[in-house]
Amino acid sequence: VKVFFYILYMKNQISPISDIFIKYLLTSNGNEDLLLDFINSVLEHSGFEKISSVIIQNPFNVSEYKKQKNSVIDVKGLDDKGNIYNIEIQSYEQKFYAQRVLFYWAKIYSSQLKKGVSYNELAPVISINLINFDLIKECKDFHSWFYLAKNDDPEILFSDHLFIHVIELPKFHIIDPNETKNLLEKWLFFYKFSNTEDDKMKILIQNNPTLK
């Protein structure tokens with residue numbers, strides 16, 4: 001399977017922003033370090049504490065994917081504190097994407113509450129959305145995050161159980177790998193240029209064993 005994906009990838013038949021490719025990349029058995037590094041790149045960029053470990057909750061399986069072609073291609077991880085991470089990849093514009101994000105967040109959050117489970121056992125769900133279109137027209141930043149806070153004081157949270165990160169790839173304008181300043185920028189550079197810019201990739205992966 002890995003050889004198959006590698007051959008297609010090198011022939012530019014699979015885009016690095018393809019949902020199935022990222023699902024394969026981040027949730028194949030043994031790729032926990034990649035999932036951890038990507039999640040930490042998002043957390044670090046938004047000023048949150050990085051996590052020390054992650055468990056892949058839905059490992060990639062080719063045969064299952066073939067049987068469920070209409071299923072949502074997502075990535076789920078669980079950190080050492082019990083927080084749930086859901087990574088969605090959307091490569092083309094979807095009119096009601098914001099509603100979709102909320103729906104899947106709510107679905108994952110509510111699915112924790114099995115019969116006999118107390119509300120205090122619910123864990124935070126962090127939604128990370130990597131999209132290849134402009135969703136938040138009013139914002140020029142490529143990374144935005146949202147949470148439940150008081151109207152006149154963002155330091156006062158209603159709850160810390162909902163965080164939504166939106167990463168809009170078209171708003172990422174760095175074209176020189178030497179200008180990437182943090183982990184998230186390096187990951188986005190990889191997603192945007194890895195199948196077209198071999199020379200730039202050699203620079204990007206220097207001193208970065210994970211991306212290499």
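Two strands count as paired if DSSP finds at least two bridges between them. Helices (H or I, at least four residues) and strands (E, at least two) are DSSP runs, numbered from the N terminus. The model is a predicted one, in which local features need pLDDT of at least 70 and side-chain atom pairs pLDDT 80 or more, while totals for chains, interfaces and linings use all residues. Residues are numbered from 1 along each chain as its sequence is written, and side-chain values use heavy atoms, without hydrogens and water.

An open sheet of 6 strands runs in the order E1-E2-E3-E4-E6-E5, with mixed pairing. Strand E1 (54–56) and E5 stand at the edges with a single partner strand each, so one side of each has no neighbour in the sheet. From one strand to the next the twist averages 25 degrees.

E5 pairs with strand E6 (residues 153–168) in the antiparallel sense over 8 bridges. Within this pairing, Phe-163 in E6 is the bridge partner of Tyr-147. Ser-144 also lies in strand E5 (residues 143–150). Beyond its neighbours within four places in sequence, Ser-144 is in contact (heavy atoms within 4.5 Å) with Ile-136, Cys-139, Ile-164, His-165 and Val-166.

H3 lies across E1, E2, E3, E4, E5 and E6, at about 125 degrees to E1; angles run from 0 to 180 degrees between N-to-C directions, and axes are lines fitted to C-alpha atoms, for helices over the stretch in contact. The axes of helix H3 (residues 32–45) and helix H6 (residues 183–193) come within 7 Å and cross at roughly 125 degrees.
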